[in-house]
Amino acid sequence: MTGTIIGFGKTAGQARRARGATLAAATLALALSTSTAVFAEDAKFDPNASITIGSLYEPQNLDNTAGAGQGINEAFNCNVYEALFTLTDAGDVQPGLVAEQSVSEDGLTYTFKLRPGVAFHSGDPLTAADVKYSIERVTAEQSKSSRKKSLSTISAIETPDDQTVVVKLSARSISLPYNLSYVWIVNDAAKDLNASEDGTGPYRLDEWRRGSSLALTRNDKYWGTAPTNGEVVFQYFTDATALNNALLTGAVDIITSVQSPDSIAQFKDNPDFTVTAGQSTTKQLLAFNDRVAPFDNVKVRKAIARAIDDKKLLTSIWGEYGTLIGSFVPPTDPWYVDLTAVDTYDVESAKALLKEAGFADGFTFKLDTPNYDPHPIVAQFIQSELAKVNIKVEINVITANEWYTKVYKAHDFQATLQEHVNHRDIVFYGNPDFYWGYNNPKVVDLIKASEAAANTDEQTAKLKEANTIIAEDAASNWLYLYPQIVVSSSAVSGYPVNGLNSQFFAYGIKKSEQ
Amino acid sequence: MLLRLLPGDPANALLSVGADAAQIEKAREQVGSNLPLWQQFLRFAGSLARFDLGTSFVSGKPVIEEIAARLTVTVPLALMGFLLSILIAVPLGILSAVKADRWYGGLISTVSQLGIAIPVFWVGILLVTVFAVTFRLFPSGGFPRRGWQNEGQVLYALALPVLTIGLVMGASLLRYVRSATQDVLGSDYLRTARALGASFPEALVRHGIRNGAVPIVSILGIELATTLLGAVVIERVFALPGLGSMLLLAIEQRDYPNVQGVLFISTLLVLLIGFGADLTQRLIDPRLRERAVGGSA
């Protein structure tokens with residue numbers, strides 16, 4: 001078995017610090033040097049500062065295989081738990097606890113050498129057995145991990161020695177390193193991971209006060225670069241206004257994700273605060289049921305895409321924030337192609353397409369609209385836009401639960417609105433049984449082939465091709481990409497701006513001394 | 001028990017979106033929602049008798065532990081708000097009754113009417129805007145991480161919520177104090193006491209307050225219970241991890257052990273408060289004691 005060997009060397013630990021994107025210069029300096037010389041430039045920050053992070057997403061428990069919700073990724077990913085690979089804030093996959101990896105030529109055997117000298121917070125050293133245990137925890141029958149399915153090609157995990165893990169696959173899976181970035185490496189001797197932790201990350205869990213806060217303190221025995229602060233406290237809120245007030249009054253330093261566009265105004269032109277707009281992976285969709293008439297007709301779907309002024313919609317909801325997208329793929333996915341030119345806003349050509357499709361006099365359809373923001377507003381906007389091409393929209397407001405049973409499970413709908421939050425989720429279009437029922441054999445093949453690709457270039461090329469076809473087919477109508485807005489006190493810097501998969505790396509956050 | 005008739009199986013709340021039928025069945029077994037309703041109820045009643053409120057479906061922690069943590073927020077909040085409302089309502093209520101003909105007597109009743117008309121969350125938001133956001137005197141919300149290990153911080157954090165409860169509850173209480181005092185002022189015994197030579201303040205303190213306090217105490221009992229249960233709104237406005245926000249979250253997550261636990265403890269508290277009010281009334285008014293003795297004889 002000869003294969004490619006990729007050595008990551010010892011700089012990887014420092015290189016991964018480079019992902020905090022706001023202060024490019026400062027982080028680059030950090031990446032290049034381990035000495036304290038760097039800190040001379042940045043003399044003003046307090047290395048033992050306590051950073052308070054305000055969030056609306058309190059985890060339900062502390063285990064991401066036990067249905068803890070997105071809040072646990074925000075608090076724990078790369079802060080408390082590390083994985084074999086890390087998904088950076090820019091969207092790349094970089095080695096985490098892996099020092100060296102080799103892949104067999106058939107792509108079915110991955111050998112990972114673990115980084116030496118890594119220990120869990122309890123003091124136990126990291127061994128191959130812990131890695132095997134951690135992966136099996138995610139793929140186990142009782143696991144509620146959302147990533148379980150993507151790891152289903154793993155057929156066996158072997159541990160020839162303490163530092164080596166061999167993962168065998170039943171089919172090629174180029175996304176394995178990416179998928180492994182979701183697998184926390186936990187100590188196989190740890191108990192009660194619902195309410196405590198034993199990871200290898202730069203922070204230890206100090207205290208979780210349910211309904212209120214979750215505190216992390218710096219792990220002084222961390223193998224990598226030490227965090228630039230001493231303590232991180234996630235303070236949880238259920239009410240966005242209360243959260244905004246907390247930032248205004250200095251009770252929190254950062255809000256991880258602002259969801260109400262109206263509240264940005266009070267921070268924007270104030271020198272005490274910094275508003276950062278990154279790119280989220282949350283896409284607002286008008287999803288058709290491509291199985292049923294008239295949406296089984298490509299011309300009708302394209303006509304609708306052309307009849308809706310996405311830019312006007314985005315501006316009316318998010319003001320100057322957010323991004324227009326011409327497909328399901330956001331710019332942070334490696335296979336992003338700018339497809340905004342496909343089916344741009346053009347009412348006349350929409351009318352012409354409808355005429356060709358035999359709907360010169362328009363038609364009526366029912367739009368299943370989730371009852372929470374921003375869907376009802378989006379529905380009304382679409383209603384008024386489509387009225388111009390004689391399409392009548394009946395808005396049917398439903399709850400999240402109804403959406404799940406009626407639309408997602410039973411496929412009993414004509415068209416619906418939904419936000420899709422996941423990163424790298426174009427694969428849904430390769431599944432004809434998915435709720436929107438898009439079925440193009442070419443796309444199905446391309447997506448399947450992309451996973452079996454020999455290298456990431458090939459994978460990217462195939463997915464770019466698939467992406468373009470999906471966009472040309474107007475499989476759904478991709479209205480816009482949500483902005484990821486982080487607001488902070490101007491005393492803090494160095495936080496992630498894109499928040500991919502809800503991650504919020506805290507170790508690079510600096511707070512200036514006051 | 002009626003709770004379980006709500007649509008939505010708690011097992012669903014435990015699972016991820018892509019769960020299959022076997023996983024759902026397993027989760028149902030785990031939470032007991034596969035059993036007939038009457039069996040679920042019997043199980044619940046049985047463990048209640050042992051003071052075992054069960055384990056949360058969501059967090060896996062014993063319900064009683066979670067409630068205990070939440071009570072350290074809600075009980076002090078309600079009690080302090082309650083005390084403040086008495087401090088506001090009793091002196092002002094008596095004053096406005098005694099000096100009803102003066103301008104400030106009228107002003108006090110008018111302001112208290114306003115206080116009743118304004119919803120509690122609005123008062124909270126107003127106080128936050130003025131005292132936290134504008135003047136930065138108090139935090140806008142949240143509860144200190146270490147809780148009561150640092151009393152100063154807790155008191156500081158609870159200042160605005162306590163003030164909110166005190167003002168709103170004080171306003172409604174004030175009306176009762178005022179009308180009770182007015183009743184007393186027009187009573188025969190007060191006139192007699194004055195005729196026997198007691199000065200007006202002396203007569204009011206010795207006879208008036210004691211008589212007037214009886215109906216007030218029963219109102220106080222009801223108000224205190226309302227505050228404890230009504231803390232949901234205040235806790236939301238001020239982001240406090242109390243019993244109310246626990247109930248709200250538990251309902252959202254279909255975490256029935258937590259819902260039942262909170263309801264059980266709340267009911268218990270309300271009964272205790274009612275009992276306490278009864279006892280207090282008897283202490284204040286000897287006639288109630290005699291009647292009770294006479295009744296049992």
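Two strands count as paired if DSSP finds at least two bridges between them. Helices (H or I, at least four residues) and strands (E, at least two) are DSSP runs, numbered from the N terminus. This is a predicted model: local features need pLDDT of at least 70, side-chain atom pairs count only at pLDDT 80 or more, and totals for chains, interfaces and linings use all residues. Residues are numbered from 1 along each chain as its sequence is written, and chains are lettered from A, ligands numbered from 1, in the order in which they are written.

**Stop 1: chain A as a whole**

Select chain A. Its secondary structure comes to 15 helices and 19 strands. Along the principal axes, its C-alpha atoms fill a box of roughly 70 × 60 × 40 Å. A compact globule of 514 residues would have a radius of gyration near 24 Å, and chain A agrees at 24 Å. That radius is taken over C-alpha atoms, and the globule rule is 2.2 Å times the number of residues to the power 0.38.

Colour by burial next. A residue is buried if 20 or more other C-beta atoms lie within 10 Å of its own, exposed if 12 or fewer, and partly exposed in between, with C-beta atoms placed from the backbone. Buried residues make up 49% of the 514 in chain A. For contacts, the cut-off is C-beta atoms, placed from the backbone, within 7 Å. Of the chain A contacts between residues at least 6 apart in sequence, 71% join residues at least 24 apart.

**Stop 2: the ten-strand sheet**

Show the strands of chain A. Ten of them form an open sheet with mixed pairing, in the order E9-E10-E11-E2-E12-E17-E13-E16-E14-E15. Strand E9 (203-209) and E15 of chain A stand at the edges; each has a single partner strand, so one side of each is left without a neighbour in the sheet.

Within the sheet, pick E2(A) and strand E11 (residues 231-236) of chain A. They run parallel, joined by six bridges. Ser50(A) stands opposite Glu231(A) in E11(A).

**Stop 3: strand E14**

Select residues 364-370 of chain A, which are strand E14. Five of the seven residues are buried, so the strand is largely enclosed by the rest of the structure. E14(A) pairs in the parallel sense with strand E15 (residues 392-398) of chain A, over seven bridges. Pro370(A) has Ile398(A) as its bridge partner in E15(A). To get from E14(A) to E15(A), the chain passes through helix H12 (residues 375-387) of chain A in a right-handed β-α-β crossover. Right-handed here means that, with the strands pointing away from the viewer, the path from the first strand over the helix to the second runs clockwise.

E14(A) also pairs in the parallel sense with strand E16 (residues 415-420) of chain A, over two bridges. There, Asp368(A) has Thr416(A) as its bridge partner.

**Stop 4: helix H15**

Go to helix H15 (residues 456-472) of chain A. Its 17 residues reach 24 Å from first C-alpha to last, close to the 24 Å expected at 1.5 Å a residue. The expected span is 1.5 Å times one less than the number of residues. Among the buried residues of H15(A) are Leu463(A), Ala466(A) and Ile470(A). Their cover includes helix H14 (441-451) of chain A. After H15(A) comes Ala474(A), with a positive phi near 45 degrees.

**Stop 5: a loop proline**

Centre on Pro334(A), in the loop between helix H10 (310-318) and helix H11 (347-356) of chain A. Pro334(A) is partly exposed, with 16 other C-beta atoms within 10 Å. Leaving aside neighbours within four places in sequence, Pro334(A) is in contact with Gly91(A) and Thr460(A).

**Stop 6: chain B and the interface**

Now bring in chain B, with 13 helices and zero strands. Buried residues make up 34% of its 297 residues.

Display both sides of the interface: 27 residues of chain A are in contact with 31 of chain B. H7(A) gives the largest share of the chain A side, four residues. By class, that side has eight nonpolar, 13 polar and six charged residues. Ala, Val, Leu, Ile, Met, Phe, Trp, Tyr, Cys and Pro count as nonpolar, Asp, Glu, Lys and Arg as charged, and the others, Gly among them, as polar.

**Stop 7: helix H7**

Finish on helix H7 (residues 240-248) of chain A, where seven of nine residues are buried. These buried residues pack against strand E2 (50-55), strand E12 (254-255) and strand E17 (477-489) of chain A, together with helix H6 (120-134) and helix H10 (231-237) of chain B. Just after H7(A), Gly250(A) takes a positive phi of about 85 degrees.

Notes:
Contact = placed C-beta atoms within 7 Å.
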